Amino acid sequence: MSTRKLKTQGTGEHPTEPSAPVETMPQVRKLPAPTQAPDSYTESDAVTSAGEALAQHQARKPGDYASQWQQDLSDALEAILNRQDFSYDLEGDALYRQYKDSYVNQGRMAMLDTMGQAAAMTGGYGSSYGQTAGQQAYQGYLQSLSSVVPQLYQLALERYSREGEALSDRYALLQDREDRSYGRYRDGLSAWNQERTYLSDQYSAQRGFDYARYRDQVADAQWKKEFEESKRRYDQEWNAKHP
């Protein structure tokens, strides 16, 4: 079996085997101390301001409604409910007494005048005719007085009705004032509630945003801590294998 001589280029020396690649150790850098997560949540100035605004508004809450018309309303209602039924006292009617005095005086004058006329007819002597005629004239005026009584009764009834209407009108007026007063209180309370809801929502939203940012910081710090710990262990194992 024939052999061939190896040819070399240049110097004619035999070729050498290629050297194995040298494994290099990655550069080891000094890592900073692990990032510390915040110990606990602390409100920001924005959250504190929102909380103070809500607390100040809570302190301005309107008190319970106090009616300034309640006593007057109670008195007016009592006057209506306790009012006596209508009754007509003829002798207690001042207008009737005026009529009575007038008719009685006119009747007496008519009686005296009639009796005087009768006496003149008999030569100045009284007679039964004159007395009877005078008495009839007197009774005529008393009968006229009796005919006025129904009118006086109707007047008294109308006066009683007007008084009742006046009591009802006063109660209605006081009730209207009470309704207006309570309406203003209710409007004020509604406005306070709306402002409280707004401030409460503002506080909750600001605190939620603030706390979420805190949780993000905690999560980021924890992730970085775990990453740095894993890198530290990797570098430690590498250094142990490649002294």
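The accessible surface of the protein chain comes to about 19200 Å², and carbon and sulfur atoms contribute 51% of this area. Accessible areas follow the Shrake-Rupley method with a 1.4 Å probe, and for residues only the protein chains shown count as cover. This is a predicted model, in which local features need pLDDT of at least 70 and side-chain atom pairs count only at pLDDT 80 or more, while totals for chains, interfaces and linings use all residues. Residues are numbered from 1 along each chain as its sequence is written, and side-chain values use heavy atoms, with hydrogens and water left out.

Of the 243 residues in the protein chain, 17% count as buried (under 20% relative accessible area; exposed means over 50%, and partly exposed lies in between). The chain contains 4 helices and 0 strands, where helices are DSSP runs of H or I with at least four residues, strands are runs of E with at least two, and numbering starts from the N terminus. Among contacts (heavy atoms within 4.5 Å) with a separation of 6 or more, 88% join residues 24 or more positions apart.

The largest nonpolar core consists of 5 residues: Tyr96, Tyr103, Leu145, Val148 and Leu152. Such a core is a set of buried Ala, Val, Leu, Ile, Met, Phe, Trp, Tyr and Cys residues joined through side-chain atoms within 4.5 Å. Helix H3 (94-121) and helix H4 (128-241) each supply at least two residues of this core, and H4 gives the largest share, 3 residues. Beyond residues up to four places away in sequence, Tyr96 touches Leu145 and Leu152, and its other partners include Tyr88 and Val149.

His57 lies in helix H1 (residues 45-59) and is buried, with a relative accessible area of 6%. Leaving aside residues up to four places away in sequence, His57 touches Trp192, Glu195, Arg196 and Leu199.

The structure holds 7 salt bridges (a side-chain nitrogen of Lys or Arg within 4 Å of a carboxyl oxygen of Asp or Glu).

| Salt bridge | N to O distance |
|---|---|
| Arg207 and Glu43 | 3.7 Å |
| Arg180 and Asp176 | 3.0 Å |
| Asp210 and Arg213 | 2.6 Å |

The pair of Arg207 in helix H4 and Glu43 in the segment before H1 links distant parts of the chain, 164 residues apart. Arg180 and Asp176 both lie in helix H4, 4 residues apart, about one turn of the helix. Asp210 is buried at 4% relative accessibility, whereas Arg213 is partly exposed at 40%. Glu229, Arg232 and Arg233 are linked in a network of salt bridges.

Note on methods
Buried means under 20% relative accessible area, exposed over 50%, partly exposed in between (1.4 Å probe, protein chains only).
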